[in-house]
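Open the model in a viewer and keep the sequence panel beside it. The stops below go from whole chains to single residues.

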Amino acid sequence: MPNTTVLAGTFSPIAPKGDELVIGTIAFLIIFTIFWKKLLPSIKKTLDERTDSIEGGLERAKEAQAAAAALQEEYQRNLTEARHQAAKITQDAREQGAAIVAQMRGEGQEQRDNLVASGRTQLDADATATRAALKGDLGSLAIQLASKIVGESLEDEARQRGTVDRFLSELEAKADAASGSNAATTAKAGA
Amino acid sequence: MSLSLAAGVGALSTDSSCHLFGKNGCGFNNVAPGADDFDFSNRPWFHIGTYGVTKPVLLVVLITVVMLAFFWAAFNKPKEVPRGVQNVGEVAYLFVRDRIARDSMGAKGDKYVPFLFSLFFFVWLMNVMSFVPGIQFPVSSVIAFPAALAAMVWLTYMYAGFKRHGLGYFRVLGVPSGVPLGILFILTPIELLSNILVRPFTLAIRLFANMFAGHLLVATFAAGAWYMFSVKGIFFSGASFTMAIVMTGFELFIQALQAYIFVMLTASYLAGALEEAH
């Protein structure tokens, strides 16, 4: 066959040709130099920067998280404190209110006691005055009555006076005995 | 006769009248792709001075431009919040840095990321040219290119090793730890030969042969589909065509895998060169 004879004579696929060796070497060296000096350092730098910024970003996120946690804690603390204060204020107010009520009650009681006491004094005074006035009137009335009954005027003023006084004293003793038992009854009722 | 027709176009159109069950009884050997399809020396696309620029050479220039343009767009003015092509570039960068450099060398590997990165995408683009419609030729199936790269890998790891260990690097290369002295008499010459001389060849040939064979396989099925295409041969042709499609998909995987293996081995050689002396 013509093919095989031509082949065997001139071409061997495993014998490298000089020009192709040189061109292959040069081509590779051009590629290698550009990658070595220019392109790969450039992408390496970018990848490093990216790693940095990712790590930086993570760092920043961590910081922000810590700050947020601290802030939340502070808020919580403030809130708790505020609650405590509010409770304390409410408590104080309640206590104060109670104290005021007690005080007012005391004062009222005192005023009432005073009023009652002064009323009683007044009444006693009035009663005494009335009793004194009545004593006089009663004397004269009794004398008038007696004069009318007896039909004669009692001349002896001194004697007359003594009789009246004696009579009145008797009356008074009677009245005292009666009011004494009365007072005891009132005290019992008051208790 | 078929060579002149095939020039610059590909194996499919070798001889359009050659069919199975055809009147002229033409055999498949007349249309089957062969090693000569990888020889572009006698069919340059154009000349610069007296130098004939062939398809593989032009493709290497194209790959260089495409690769630089893409990653320039991705990496030249990178944003902290990546957009569009920068995302793709970053995935690529992080893959090479984390899955290749750091996995094999640890933190020391960062220094070699530009080398491994350039290597990975240069090799992958050379491989993937096999898939690109209208090009459909893996540049790495031309031995000179894998060989040039393997030579640079060799220089790099030898330099790194001698810089790290001085002449003690021979010990690292030739004396595996935990081997009894008696065995070392046999093992050390083998290890030295393997690590110093054989490594670059296997590195280059593994890539070359995979791409060469893969391309040949796809081209053979494609040529078969054409050769058997007739009323009688339609099922054979269809089967062959299906295989060509399946193999193209499979090759897409192999292209990435071989680029990965090439760079992974480079990284492991470098890791060996940088490891602690034992």
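**Stop 1: chain B as a whole**

Select chain B, which has eight helices and two strands. This is a predicted model. Along the sequence, the elements of chain B follow the pattern α-β-β-α-α-α-α-α-α-α. Colour chain B by burial: 40% of its 278 residues are buried. Among contacts in chain B with a separation of 6 or more, 63% join residues 24 or more positions apart.

The UniProt record, an unreviewed entry, annotates "transmembrane region" at residues 57–75, 112–131, 137–157, 169–187, 207–229 and 241–263 of chain B. Two of these spans can be checked against the model. Residues 57–75 of chain B are 100% helix and 0% strand, with end C-alpha atoms 27 Å apart. Residues 207–229 of chain B are 91% helix and 0% strand, and there the end C-alpha atoms lie 33 Å apart.

**Stop 2: chain A**

Now select chain A, with three helices and zero strands. Its elements run α-α-α from the N terminus on. Of the 191 residues here, 6% count as buried. For chain A, UniProt (unreviewed entry) places a "transmembrane region" at residues 21–40. That span of chain A is 100% helix and 0% strand, and its end C-alpha atoms are 26 Å apart.

**Stop 3: where the chains meet**

Show the contact between the chains, to which chain B gives 40 residues and chain A gives 31 residues. Which helices of chain B each supply at least two residues of the side that touches chain A? They are α1 (2–6), α2 (55–75), α3 (85–105), α4 (113–128) and α5 (144–165). The largest share, 10 residues, comes from α2(B). Coloured by residue class, the side of chain B that touches chain A divides into 29 nonpolar, seven polar and four charged residues.

**Stop 4: α2 of chain B**

Select α2(B) alone. At 1.5 Å a residue, its 21 residues should span 30 Å, and the 29 Å between its end C-alpha atoms agrees with this. Show side chains for the buried residues of α2(B): Pro56(B), Val57(B), Leu59(B), Val60(B), Ile63(B), Thr64(B), Met67(B), Phe71(B), Ala74(B) and Phe75(B). Look down the axis of α2(B): the buried residues fall within an arc of 160°, so they line one face of the helix. An α-helix has 3.6 residues a turn, so residues three or four places apart point the same way. Against the buried residues of α2(B) pack α2 of chain A and, from chain B, β2 (51–53), α3, α4 and α5.

**Stop 5: α3 of chain B**

Move on to α3(B). Its 21 residues should span 30 Å at 1.5 Å a residue, and its end C-alpha atoms, 28 Å apart, agree with that. The buried residues of α3(B) are Gln86(B), Gly89(B), Tyr93(B), Val96(B), Arg97(B), Ile100(B), Ala101(B), Ser104(B) and Met105(B). Their cover includes α2 (18–150) of chain A, along with α2, α4 and α8 (234–274) of chain B. Just past the end of α3(B), click on Gly106(B), where phi is positive, about 70°.

**Stop 6: the nonpolar cores**

Next, display the largest nonpolar core, which has 68 residues; Leu116(B), Phe120(B), Phe122(B) and Val123(B) have the most contacts inside it. Elements that each supply at least two residues of this core are α2 of chain A together with α2, α3, α4, α5, α6 (169–174), α7 (181–227) and α8 of chain B. The largest share of the core, 13 residues, comes from α4(B).

Centre the view on Leu116(B). What does Leu116(B) contact, leaving aside neighbours within four places in sequence? Its partners are Val96(B), Ile100(B), Ala101(B), Val263(B), Thr266(B) and Ala267(B).

A second, separate core has 11 residues, including Phe221(B), Ala225(B), Tyr227(B) and Ala244(B).

**Stop 7: Met247 of chain B**

Finish at Met247(B), in helix α8 of chain B. Is Met247(B) buried or partly exposed? Met247(B) has 19 C-beta neighbours inside 10 Å and therefore counts as partly exposed; the cut-off for a buried residue is 20 or more. Beyond residues up to four places away in sequence, Met247(B) touches Leu217(B), Val218(B) and Phe221(B). Phe221(B) belongs to the second core. For a distance check, pick Ala219(B): it is 28 residues from Met247(B) in sequence and 9.7 Å away in space, C-alpha to C-alpha.

Notes: Residues numbered from 1 in each chain as written. Chains lettered and ligands numbered in written order. Predicted model: local features only at pLDDT ≥ 70, side-chain atom pairs only at ≥ 80, totals over all residues. Contact = placed C-beta atoms within 7 Å. Helix = DSSP H or I, 4+ residues; strand = E, 2+ residues; numbered from the N terminus. Nonpolar A, V, L, I, M, F, W, Y, C, P; charged D, E, K, R; others polar. UniProt positions renumbered as here; feature names shortened; annotations may be inferred. Expected span 1.5 Å × (residues − 1). Buried ≥ 20, exposed ≤ 12 C-beta atoms within 10 Å, placed from the backbone. Core = buried A, V, L, I, M, F, W, Y, C linked by C-beta atoms within 7 Å. Arc of directions from axis to C-beta.
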